[in-house]
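Thanks for coming, everyone. Let me put the sequence and the model on the screen, and then we walk through it.

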Amino acid sequence: MSTETQSLALLNTAAFLLCVSFCAYVLSILVFHLKSGRSRGGSPDGLDWHIIVPCRNEASVIGDTVRRLLCDFPQATVWCVDDASDDGTLAELAAFTDQPRVHVVQRQLPDARQGKGAALNAAWRRIEQSLPANADRSRVIVGVLDADSRLDPQGPVALSGRQYFGSAQVGAVQVEVRMLQCAPRRYAEPTEVSRWGRLLIRLQDMEFRAPIAAMQSLRRRTGSVAMGGNGQFTRLSLLNEIADQHGTPWHGALLEDFELGLHILLAGGRTEYCPESWVAQEALTRIRPLVRQRTRWAQGSMQCGRYLGRVLRSPRIRNSATLEIAHFLAAPWTQLLGTPIYIACLVVMSYYIDNTMGGLRGWWSSGGWGVPPLVLVFGIGPFALWGIVYRIRCEPQLSIPKALLLGVCHWLYSYAQSMAVWLAFARMVTARTDWQKTARASDPQPAPARAVGRVAVGQTAAVGRAAVPAQPRRAQPARRSGRNEGPRSIRPPRHLSHLTHLTTTPTTDRPAIAHIRK
């Protein structure tokens, strides 16, 4: 057998195995998803709920989010972490100083802007400090919501069910994620976006509520439910146990939510997925921010690969969970491998078309007609079927033709993820780990010329019972880079002078924290 024949056989075998394994995985998660049932809720009053909302330049959304939480989740205490925002976020939060259920943790440069995990750890410390020493930490539930989120008002009831925190064995729960623009109208205000923007919104909503939800349905069976960055809830006792072993609950990976889930499983905790409730977040309406977001997620997944050895050796994680976690951690690397294989297949096919007598027509009549059905079954089909699943499970008002079209668009949409994986790989090779916040459509443009709430470390002056920044220099124009910026003195907003209690505690080994409460 010639070298050329061997190479072609190897190429065809690799492409076939990749296609078959992908289709088998899609089929398995689809079966478990369609068979998944619903559980009954419970009473949230027996638990102590704390919600962390990380805020970095969230002035355009944070006020509405906090007001909605206060209204829809009366059992919860809300902890907003201002991560050195320079757009007026702290000014928006100052409107809640008369609310005993709202606390603000203020982080300052140069310790701030170290990633979402660091912001969550700052709030975790304050929650722990606020509780009595004899409080039952296993009854304290810590949730994480994005600053643009809308939590289902029935979420506390659903999360308190016997299958979730109503069971002492469950340590963490992830709720379903959907896009805010696709949520019920009482939660989402209509916005003006282009036709393509509306399509991108719908594709993101379908992605989270169909294939990702199906993956979580499989993980419920294997015991490896993953935590998400939005809508995750964990017992404080379990966060403390992880911190006792590793210093803090959240760590340095760009996919800090999945990393937390791994630590929970390694600690012997049980994770669950709650499809009975949801959290809605703002969808992206342009492809470039979407690719940037997915690049961060892909790189975070690659970073979490360092836990694979511990997962394989852990006696606390059962075999089915180990296999599913290994599959997830291998996914970005498989995509990297698949890209050159599929490109090579296209090159070989083009070569045969060009060198077959009669050109395209001759190639087609000599067996090339079998290629389109293969592409349809193994390439487009596994993506397109999610349009029908999305219609059946989530959006029954969609017509079948629209659902099929949405599924085909999902196949094209998947190429953004392939691009993101390669960008993530490039960042890994160049050792880039910086994190940039995804800009929102509602963010003002250009950035405000004056920063609000940025306090120079060590420069405070007491006014009554409040500590506010000392007399400042003239503010410099705010910048939106992903790098850390040194502290700058600014003129304090007038409405902060009436705060009844504001303390600033800068340290050398952890972020400075300011606590605003009545």
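How many of the eight residues of β1 are buried? Seven of them are, so β1 is largely enclosed by the rest of the structure. Buried here means under 20% relative accessible area, exposed means over 50%, and partly exposed is in between, with a 1.4 Å probe and protein chains only.

Ground rules next. This is a predicted model: local features need pLDDT of at least 70, side-chain atom pairs count only at pLDDT 80 or more, and totals for chains, interfaces and linings use all residues. Residues are numbered from 1 along each chain as its sequence is written, and side-chain values use heavy atoms, with hydrogens and water left out.

Now the overview. The protein has 15 helices and twelve strands. Those are DSSP runs, numbered from the N terminus: helices are H or I with at least four residues, strands are E with at least two. Of the 518 residues in the protein, 52% are buried. Take contacts between residues at least 6 apart in sequence: 82% of them join residues at least 24 apart. Contact means heavy atoms within 4.5 Å.

Back to the strands. Strand β1 covers residues 48–55, and seven bridges join it to β2. The two run parallel. Strands pair if DSSP finds at least two bridges between them. Histidine 50 has threonine 77 as its bridge partner in β2. Cysteine 55 stands opposite aspartate 82 in β2. β1 also has five bridges to β4, residues 140–144, again parallel. There, isoleucine 52 has valine 144 as its bridge partner.

β2 itself is residues 76–83, and eight of its eight residues are buried. Ala76, Val78, Cys80 and Asp82 point one way. Thr77, Trp79, Val81 and Asp83 point the other way.

Glycine 46 sits in the loop between α1 and β1. Glycine 46 is partly exposed, at 44% relative accessible area. Its C-alpha atom is separated by 9.7 Å from that of glutamine 75, 29 residues apart along the chain. Serine 85 lies in the loop between β2 and α3. Is serine 85 buried or exposed? Serine 85 counts as buried, at 0% relative accessibility. Serine 85 and arginine 113 are 28 residues apart in sequence, and 8.9 Å apart in space, C-alpha to C-alpha.

On to helix packing. Two packed helices are described by the angle between their axes and the distance between the axes. Axes are lines fitted to C-alpha atoms, for helices over the stretch in contact, and angles run from 0 to 180 degrees between N-to-C directions.

First pair: α1, residues 3–35, and α14. The angle is about 10°, and the axes are 10 Å apart. That makes α1 roughly parallel to α14. Angles under 35 degrees count as roughly parallel, over 145 as roughly antiparallel, 65 to 115 as roughly perpendicular, and the rest as oblique. On the α1 side, the contact includes Phe22, Val26 and Leu30. On the α14 side, it includes Phe378, Phe383 and Trp386. By class, this contact has 15 nonpolar, one polar and one charged residues. Nonpolar covers Ala, Val, Leu, Ile, Met, Phe, Trp, Tyr, Cys and Pro; charged covers Asp, Glu, Lys and Arg; the others, Gly among them, are polar.

Arg202, Asp205, Met206 and Arg209 in α6 meet Trp386, Gly387 and Tyr390 in α14. The residues of this contact divide into three nonpolar, one polar and three charged.

Stay on α6 for a moment. Glutamine 204 is found there. Glutamine 204 is buried, with a relative accessible area of 2%. Leaving out residues up to four places away in sequence, glutamine 204 touches Met179, Ala283, Leu284, Leu290, Arg294 and Tyr413. Glutamine 204 and methionine 179 are 25 residues apart in sequence but 7.0 Å apart in space, C-alpha to C-alpha.

Last item, helix α10, residues 287–303. Of its 17 residues, 13 are buried, so α10 is largely enclosed by the rest of the structure. Questions, please.
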